[in-house]
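Let's walk through this model together, one region at a time. Please keep the structure open beside the text as you read.

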Amino acid sequence: MEAKGKILGVNGPVVTIKGDSQFQMLEMVLVGNEKLIGEVISLNNDNAIVQVYETTTGLKVGEPVYSSGEPLSLQLGPGIIGGVFDGIQRPLNQIEELSGSFIQRGLDTESLNRDKEWDTEIIIKEGSFLKGGDIYATVKETELVNHKVMVKPGIEGEVVFTAKNGKYRVNDTVVKLKDSHGDIIELKLFQKWPARQARPFAERKRLSKPLITGQRIIDTLFPIAKGGTAAVPGGFGTGKTMTQHQLAKWSDADIIVYIGCGERGNEITDVLEEFPKLIDPKSGKPLMDRTVLIANTSNMPVAAREASIYTGITIAEYFRDMGYHVAIMADSTSRWAEALREISGRLEEMPAEEGFPAYLPSRLSQFYERAGYVENLNNSEGSVSIIGAVSPQGGDFSEPVTQNTKRFIRCFWALDRQLAYARHYPAINWLSSYSEYVDDLEEWYETNVAPDFIKVKNEIAKLLQEESKLMEIVKLIGADVLPEEQKLILETAKLLRVGFLQQNAFHDIDTFVPMEKQYKMMQVTLYLHKQGQMILSQGIPISQLKKLGIFDELAKMKYDYDNENLAEFDKAYIKIDNLCSEVIESYRGFERKNN
């Protein structure tokens, strides 16, 4: 690799290069004597501007800059699953062996282990024709992931050589193609792909299947579709990371990509220590057998933080192309936007609102638009769902990152500080949150859960909205002066808040709730409400039913009723009927006695 330029100036992670006009836009370069990894982000006459993904302390004017001739690319192949990488796909365990607890500059590491041998099955024969996206080998990467090795998009040709089934390293040639020009193309167990370039697919599909999370407030009130986008905004301590941990553990995605983008070091440490210990509830295997972690803490170089988002989404698209459903947890996009702002400031670009660059909305859209449910080039179907945490300063949802994110997502789970401080988790505010996927998923709910699921869900939402209006009156004049019908609404809404919306992530039964039980819980709550209305219609105050403890008892059904044995709900209906009959008879007897 020859030097094509020299350092002309250094401004933090932004380095100006005096070159011979041979640099390309978005080309990866090696800067200085230590060969720090960088990327060309601007070209101006003979000068190039490079953002460096490592600390630039100690760089001197005049040091050489080496050209790679290719964009910043990721290595995609066996060994990604279960791995922990930094923002530019360098394996942290390998970095630790080379440099200890802190990342040294200029480390030359491979993203995929070159020495490990993988049991490989070649599934094509000589003479067959392969094109981009076609699968030519399979590797059992983990107990949960069968890695399908694919032809890189843009390559096609006739198979002229296939290796025998056996053990191979990722750098070994297992298939050879002859293209239309007669050139031989060697196919290994991995491919390189530019991180900022979206991977192609055949067709984008309608979003009609939900990403089941087992979290009641999400699955029922604010669902996200497979291939959809959601934002989780909230101030400090409202539970963004905890919510994403729950979704990573329990959602029915095949593969999880967790991006710790600019978060605190101790928070990333918790993730790195906790995830390897977690057991996948569906298979009983370690959760890391279907998880990729990208750790880029707040004290790492900002340029690498900016790149980490693209690293994560490209890995997700790669597994989508195999036919898997992938969920990305980006924590947090606010820190990523702050990295954009810092680099923009170094480049002396004209700032927009709150100092963020004017292209913030377009960069956000480029990220979220890479989600989707698609038909792949190999005729399989896969999806990428993006769930991005947003950390607005002071919990102010009117700041630019939150507002621009809302333009490109269709599901908004607004975390509420007051709910979090009241120990109500998940602290998703049911009044300011929304999901635009409900209509798209209606048919699925009707077919797979219950024909009246959406109707029941709408009744629940209506009761919660009415409670909000009534609470404004209660704050002024108290609850005692309200009509009995409104007192019943407050009691039912309280039951919904405590017994349905509030969920205990550390309880064996309550941490994940199947859709059937969620529906039954809503149904029995509405039945109690209707029976309460029947009692009121006979002139009996709701306090007579409340004092029998049925509201408190149903609030505990999330713990007391098993997730699999739903017959307990039938007993709840009988108990409600018996208590209502008891209230009516007791009240009538009281009236006769007094008359």
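By class, eight nonpolar, seven polar and six charged residues make up the lining of the second largest pocket. In this count Ala, Val, Leu, Ile, Met, Phe, Trp, Tyr, Cys and Pro are nonpolar, Asp, Glu, Lys and Arg are charged, and the others, Gly among them, are polar. Before going on, please note that this is a predicted model, in which local features need pLDDT of at least 70 and side-chain atom pairs count only at pLDDT 80 or more, while totals for chains, interfaces and linings use all residues. Residues are numbered from 1 along each chain as its sequence is written, and side-chain values use heavy atoms, with hydrogens and water left out.

Back to that second largest pocket, which has a volume of about 550 Å³. Its lining comprises 21 residues, and those nearest its centre are Met28, Ile37, Gln75, Asp108 and Thr109. A pocket here is an open set of points on a 1 Å grid over the protein atoms alone, with protein on both sides within 12 Å along at least five of seven lines; a cavity is a set of points where a 1.4 Å probe fits but cannot get out, and lining residues have an atom within 4 Å of a point. Grid points are joined across faces, edges and corners, and a volume is the space filled by probe spheres set on the points. At least two lining residues of the second largest pocket come from each of S3, S6 and strand S7 (73-76), and S6 gives the largest share, three residues. Strands (E, at least two residues) and helices (H or I, at least four) are DSSP runs, numbered from the N terminus.

S3 and S6 also lead us to the barrel. Six strands close into it in the order S1-S2-S5-S4-S3-S6, with antiparallel pairing. From one strand to the next, the twist averages 45°. Angles run from 0 to 180 degrees between N-to-C directions, and axes are lines fitted to C-alpha atoms, for helices over the stretch in contact. Strand S3 (residues 27-31) and strand S6 (residues 64-71) run antiparallel and are joined by four bridges; two strands pair if DSSP finds at least two bridges between them. To find this pairing on screen, look for Leu30, whose bridge partner in S6 is Tyr66. Leu26, in the loop between strand S2 (14-19) and S3, has a positive phi of about 65° although it is not a glycine.

Now for the largest pocket, which holds about 1,200 Å³ of space. Its lining counts 45 residues, and Pro91, Leu92, Asn93, Ile95 and Glu96 are the closest to its centre. Which element gives the most to this lining? Helix H1 does, with six residues, while strand S8 (84-85), helix H1 (92-99) and helix H4 (265-274) each supply at least two. By class, the lining of the largest pocket divides into 18 nonpolar, 16 polar and 11 charged residues.

The structure also holds one cavity of 30 Å³ or more. The largest cavity contains about 40 Å³ of space, and its lining consists of Gly133, Met150, Pro153, Arg199, Pro200, Asp321, Asn376, Leu377 and Asn378. Four of these lining residues are nonpolar, three polar and two charged.

Next comes an open sheet of four strands in the order S12-S11-S9-S14, again with antiparallel pairing. Strand S12 (146-150) and strand S14 (166-168) stand at the edges with a single partner strand each, so one side of each has no neighbour in the sheet. Neighbouring strands of this sheet are turned by 40° against each other on average, direction ignored. Three bridges join strand S9 (residues 118-122) to S14, and the two run antiparallel. Trp118 stands opposite Tyr168 in S14.

Two peptide bonds deserve a look as well. Most peptide bonds are trans. The bond from Asp331 to Ser332 is cis, with omega near 5°, and Ser332 sits in the loop between strand S22 (325-331) and helix H6 (333-346). The bond from Tyr425 to Pro426 is also cis, with omega near -5°.

Finally, helix H12 (residues 484-501) and helix H13 (residues 515-537) pack at an angle of about 160°, with their axes 10 Å apart. H12 and H13 are therefore roughly antiparallel to each other, a term for angles over 145 degrees.

Note on methods: Parallel < 35°, antiparallel > 145°, perpendicular 65-115°, else oblique.
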